[in-house]
Structure formats: C-alpha cells, structure tokens
Amino acid sequence: RGRWRVPGPDQHHAGVQVLALEPRLRWLPYRHEALAAAGNLAFGAGRLDVALRCFAGALDLAERPEYRFDVGMVLLALGDRAPGLESLMAAVKLNPAVFAKVERPELARTLRLRLDADGYGARHSWMYEGTPAATP
C-alpha cells in the first residue's frame, strides 16, 4: 500500500500509474528527483505529454544536465526537432560527458555539427571519443 510499481512490460498499466502518481508529486517539497522518475516511467509507457511535463517540472526545480537531456529527448520523440536539439545542446554545455548518452548515430552527428559550428565542440573534442560522432 502506498507503493507504486510498474507491472512488467505492460505499458498501459504503467501509464495509468504515472497519471495517478503525478498529482501526488506536488506534496514533495524537493520533488525534482520524483518528477524525473515519474518522467522516466511516463516515457517508458509512451505518455510523452506526461513525460515532458514531469521533466520540465524537474528542470524548473533544478538546473541539471540530465533533465535538459530528458526534455530534449522527449521533444525529439514528439517531433519538435529544433527545441529538442537546443535542449540537448544546453545539456552538453552544462556537462560535456552527457554527449556520450546520445546513442542514435544520426542524432549524435547532428548534435556534433551544431556544437562544432558554435565553437563548443572544438574546445571539448574529447567528448566525441567512443561515440557514433567520433568522426564528423
């Protein structure tokens, strides 16, 4: 009782639980971690609208690269490419090591082109090593 569990691969149940969980998060005073966890559950359940709301809420409470990254990935999944890429760029600029979390080769190369174009990539070229964007 009082615990939230995601029942296996059943995304419908996960989505229902996330919707039940979200309103309760407002009772947690420093809830950015809880919002991020709920965002991950929602993303896994295919509830991109809820995931975006949760990740954006976490970002409002704590400027952290992983939350910028999460917002960017959800925006890209929703087809909102320009703001999604901007959010990913902001995440990498907060912590260049975040670049390694971009696993899709096309996305990694696109992000590298943008980071190189504004000069950031040249200053932190080490972040590309071992990624799909290791060579431009």
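Colleague: In what order do the elements of the protein chain run from the N terminus on?

Modeller: The order is α-α-α-α-α-α-α. The model is predicted, with residues numbered from 1 along each chain as its sequence is written; local features need pLDDT of at least 70, and side-chain atom pairs count only at pLDDT 80 or more. Totals for chains, interfaces and linings use all residues, while side-chain values use heavy atoms, with hydrogens and water left out.

Colleague: How many helices and strands does the protein chain have, and what makes a stretch a helix or a strand?

Modeller: There are seven helices and zero strands. Both are DSSP runs numbered from the N terminus: helices are H or I over at least four residues, and strands are E over at least two.

Colleague: What percentage of the protein chain counts as buried?

Modeller: Of its 136 residues, 40% count as buried, where buried means under 20% relative accessible area, exposed over 50% and partly exposed in between, with a 1.4 Å probe and protein chains only.

Colleague: Why does serine 87 count as buried?

Modeller: Serine 87, in helix α5, has 6% relative accessibility and therefore counts as buried. Leaving out residues up to four places away in sequence, serine 87 touches Arg68, Val71 and Gly72; contact means heavy atoms within 4.5 Å.

Colleague: Why does phenylalanine 43 count as partly exposed?

Modeller: Phenylalanine 43 belongs to helix α2. Its relative accessibility is 37%, so the residue counts as partly exposed. Apart from neighbours within four places in sequence, phenylalanine 43 is in contact with Leu48, Ala51, Met73, Val74 and Ala77. Phenylalanine 55 lies twelve residues from phenylalanine 43 in sequence, with a C-alpha to C-alpha distance of 9.9 Å.

Colleague: How do you know that the span of helix α3 agrees with its number of residues?

Modeller: The expected span is 1.5 Å times one less than the number of residues. Helix α3 (residues 48-61) has 14 residues and should span 20 Å; its end C-alpha atoms are 20 Å apart, so the two values agree. The buried residues of α3 are Leu48, Val50, Ala51, Cys54, Phe55, Gly57, Ala58 and Leu59.

Colleague: Why are α2 and α3 called roughly antiparallel?

Modeller: Helix α2 (residues 32-44) and α3 pack at about 160°, with axes 8 Å apart. Axes are lines fitted to C-alpha atoms, for helices over the stretch in contact, and angles run from 0 to 180 degrees between N-to-C directions. Angles under 35 degrees count as roughly parallel, over 145 as roughly antiparallel, 65 to 115 as roughly perpendicular and the rest as oblique. The pair is therefore roughly antiparallel. By class, their contact has twelve nonpolar, four polar and no charged residues. Here Ala, Val, Leu, Ile, Met, Phe, Trp, Tyr, Cys and Pro count as nonpolar, Asp, Glu, Lys and Arg as charged, and the others, Gly among them, as polar.

Colleague: What makes α3 roughly antiparallel to α4?

Modeller: The axes of α3 and α4 come within 9 Å and cross at roughly 155°. That angle makes the two helices roughly antiparallel. The residues of their contact divide into twelve nonpolar, no polar and two charged.

Colleague: What covers the buried residues of α4?

Modeller: The cover includes α2, α3, α5 and α6. Among the buried residues of α4 are Tyr67, Phe69, Asp70 and Leu76. Helix α4 has 13 residues and reaches 18 Å from its first C-alpha to its last, close to the 18 Å expected. Just after α4, glycine 79 takes a positive phi of about 90°.

Colleague: Why are α5 and α6 called roughly perpendicular?

Modeller: Helix α5 (residues 81-94) and helix α6 (residues 105-117) pack at about 70°, with their axes 10 Å apart. The two are therefore roughly perpendicular. Their contact has seven nonpolar, one polar and five charged residues. Among the residues that meet are Leu85, Glu86 and Met89 in α5 and Leu107, Leu111 and Arg114 in α6.

Colleague: Which residues of α6 are buried, and what covers them?

Modeller: The buried residues of α6 are Leu107, Ala108, Thr110, Leu111, Arg112 and Leu115. Their cover includes α4 (65-77), α5 and α7 (120-123). Glycine 119 follows α6, with a positive phi near 90°.
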